[in-house]
Amino acid sequence: MGPKSERVYRTIREWIAAGKYSPGSKLPSERTLSEDLDIGRTALRQVLAKLLAEGVVEVHGRSSYRVPDRSVITEAPADVEPWQVHGQRTLYDNQWVKLSLVDVEPPGVDRFEHHVVKLHHVAIAAVIDDQDRVLMMWRYRFVPEAFGWELPGGIVDEGEQPLQAALREVEEETGWRPDVLEHVVTYQPMVGMVDSPHEIFVGRGAKLVGEPTDLEEAGHVAWVPLSDIPGLMARGELMGSGTLVALLHLLASRGAAASPTTAA
């Protein structure tokens with residue numbers, strides 16, 4: 001999410017945590033929230049979709065949200081201790097990957113050496129058009145020896161912001177230039193052993209500005225209907241955790257927008 005969306009997200013969470021809206025109470029309408037918080041309706045819905053996915057709010061009636069009756073975790077548990085790191089040694093290091101052995105000591109457990117792989121910072125973008133289609137590429141990946149659909153994305157260059165990397169990668173790999181992208185989430189795909197932050201961005205609208213220029217990374221480019229995504233997922237035709245995270249977010253957001261039509 002962008003800075004304004006992040007501010008609104010934190011504000012609504014703080015309202016709920018402080019008890020401004022008690023469990024079971026309704027939030028103001030989208031129109032009221034949009035005016036009071038100075039944010040557009042589209043960006044507000046992305047914030048509400050994120051709060052919905054986290055269980056901070058729930059859909060209630062038609063186009064309204066409320067605080068769940070159950071308690072919401074607002075603070076991290078304080079009874080879990082971090083591991084102690086006593087040192088590390090590098091086994092292999094080049095421009096793409098670094099492999100280390102880290103001397104660690106979990107609470108109540110003897111010290112041991114843990115393998116840690118450090119990879120690049122990555123940005124991935126899901127771009128939607130006005131027909132609810134997502135911009136994707138059909139590609140071959142030699143490591144799993146498989147074809148599949150992927151979202152455009154790649155490495156964040158040194159000195160580059162993740163948003164700029166996402167915009168650049170979409171254009172280089174597809175020939176389409178996004179109108180706008182907003183940050184959704186940063187996550188680690190294999191948090192137990194691999195350090196590789198993945199930034200997920202979503203946006204609506206793009207302009208065709210030419211042919212793909214990154215021939216190594218480019219594939220068959222197509223606008224894939226969001227309604228086809230569950231089927232592609234079931235058939236194992238979606239490649240990469242970033243693609244899955246971004247598409248699941250889009251499907252959850254679309255479900256959140258559709259579900260208020262159900263009567264309370």
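The model is predicted: local features need pLDDT of at least 70, side-chain atom pairs count only at pLDDT 80 or more, and totals for chains, interfaces and linings use all residues. Residues are numbered from 1 along each chain as its sequence is written, and side-chain values use heavy atoms, leaving out hydrogens and water.

**Sheet**
- An open sheet of mixed pairing has four strands in the order β3-β4-β5-β12; strands are DSSP runs of E, at least two residues long, and helices are runs of H or I, at least four, numbered from the N terminus.
- Two strands pair if DSSP finds at least two bridges between them.
- The edge strands, each pairing on one side only, are β3 (84-93) and β12 (194-195).
- Eight antiparallel bridges join β3 to β4 (residues 98-105), and Q84 stands opposite E105 in β4.

**T243**
- Helix α6 (residues 241-258) holds T243.
- T243 has a relative accessible area of 4% and is therefore buried (under 20%, with a 1.4 Å probe and protein chains only).
- Beyond its neighbours within four places in sequence, T243 is in contact with M136, W149, E150, L151 and L238 (heavy atoms within 4.5 Å).
- The T243 side chain reaches the backbone nitrogen of L151 at 3.0 Å.

**Nonpolar cores**
- A nonpolar core is a set of buried Ala, Val, Leu, Ile, Met, Phe, Trp, Tyr and Cys residues joined through side-chain atoms within 4.5 Å.
- The largest has 22 residues, and V134, M136, L151, I229, L247 and L250 have the most contacts inside it.
- Elements that each supply at least two residues of this core include β7 (133-141), α5 (229-234) and α6.
- Apart from this core lies another of 19 residues, among them I12, W15, L27 and V57.

Note on methods:
Buried means under 20% relative accessible area, exposed over 50%, partly exposed in between (1.4 Å probe, protein chains only). A polar contact is a pair of N or O atoms within 3.5 Å; within protein, one must be able to donate a hydrogen and the other to accept it, and residues adjacent in sequence count only if both atoms are side-chain atoms.
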